[in-house]
Amino acid sequence: MAPSFSFDRLGFIGLGAMGKPMVTHLANKLPPASRIWVYDVVESVVDDLCAQFPNRVLKGTNARDVAQQVDTIISMVPEGSHVRSVYLDTEKGVCSTDISNKLIIDCSTIDTATSLAVKDHIAQHYPTASFYDAPVSGGVIGAIKGSIAIFLGCGEEDPNLERLTHLMGLMGKQIIPCGAPSLGLAAKLSNNYLSGIIAIACSEAFDMGMRSGLDPRTLAKVYAAGTAQNTICDKFCPVPHVYPDAPSSGGWKQGFKVQLMRKDFGLAVDMAKRVESRNVLGEVGLATYDGASNDPRCRDLDSRVVYRYLGGQEDWQTKLNGA
């Protein structure tokens, strides 16, 4: 019989495009007695979520306040500097209060050095607390659908693995232990490097095929049936209106922002240099996302807007219907 785990007092810090739907899943799936304390620098987002789940989701005034109320803490913030602030701020950070025996999970995608620094700080000052890196993949669509993959910075033998798997399984579909602290992040950066390169390649491949006269829907079928099959083409197609649920079909307005892809891609390139991995596509890919993230036509849109940045045809339906 599988063990049962209770999370009566849970904290969640960071209610952005990924964090908010993740909390929504927790609020819908945790036992009725559970309470979730939340905090975000954007107070209106906190208020909206609390109003959506009255007496279930409760408002925290800062990260320290959340930590004082709960036994388990999850964080999901954009960058390493934000993680340091959430945990190490001497007045309002998680570690400014006693977090002994607490389970702490950071789902942010950041550099491994920052994650290890926070883990080491917690281990030194609160040796009975447990800190894990647990970055996620699957984008905003995956967070909303509860289908994200979560990469745990721990091994199969970790004593908290079952508890972690149960909790993260309320928000995601695949929970993968990656071996040791910070290796969840190393796996995520490797994944996003590959995903970013594929998005560029997909955009280029669609564009050359379309300019040769092919319908992108036909091209999508060809890629799905052939050796080029990949998730970006299947579910996140960069060409608008090929896959209805892809961010591109909604004007790239919902998804993984191109600035975040540029951030993650840069972290991956840095990691490759640090471990002396030869990445012939790294600098070209980074330059592409750097350009797209600074292009006013692309900024703040889903990262697959790189198709637009590279000059891909967006009005292909009009041209086909007029042919």
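Me: Which residues does Ser195 touch, not counting residues up to four places away in sequence?

Reply: In this predicted model, Ser195 touches Ile232, Met261 and Arg304, with residues up to four places away in sequence not counted. Ser195 itself is found in helix H8, residues 183-211.

Me: Why is Ser195 called buried?

Reply: The relative accessible area of Ser195 is 17%. Buried means under 20%, so Ser195 is classed as buried.

Me: Why is Lys145 called exposed?

Reply: Lys145 has a relative accessibility of 52%. Exposed means over 50%, so Lys145 falls in that class. The residue is placed in helix H6, residues 139-145.

Me: What is Lys145 in contact with, leaving aside its neighbours within four places in sequence?

Reply: Lys145 is in contact with His25 and Asp245. As for Gln229, 84 residues apart from Lys145 along the chain, the two C-alpha atoms are separated by 23 Å.

Me: How do you know that the reach of helix H11 is close to the expected value?

Reply: Helix H11, residues 258-274, has 17 residues. The expected span is 1.5 Å times one less than the number of residues, which gives 24 Å for H11. From its first C-alpha to its last, H11 reaches 24 Å, close to that expectation.

Me: What makes H11 mostly covered?

Reply: Of the 17 residues in H11, 12 are buried, the cut-off being under 20% relative accessible area. Among them are Val258, Met261, Phe265, Leu267 and Val269. What covers the buried residues of H11 includes H8 and helix H12 (282-293).

Me: What is the order of the strands in the open sheet, and why do E7 and E9 stand at the edges?

Reply: The three strands lie in the order E7-E8-E9, with mixed pairing. Strand E7 (136-137) and strand E9 (172-177) each have a single partner strand, so one side of each is left without a neighbour in the sheet.

Technical notes
Residues are numbered from 1 along each chain as its sequence is written. This is a predicted model: local features need pLDDT of at least 70, side-chain atom pairs count only at pLDDT 80 or more; totals for chains, interfaces and linings use all residues. Side-chain values use heavy atoms; hydrogens and water are left out. Two strands pair if DSSP finds at least two bridges between them. Helices (H or I, at least four residues) and strands (E, at least two) are DSSP runs, numbered from the N terminus. Buried means under 20% relative accessible area, exposed over 50%, partly exposed in between (1.4 Å probe, protein chains only). Contact means heavy atoms within 4.5 Å.
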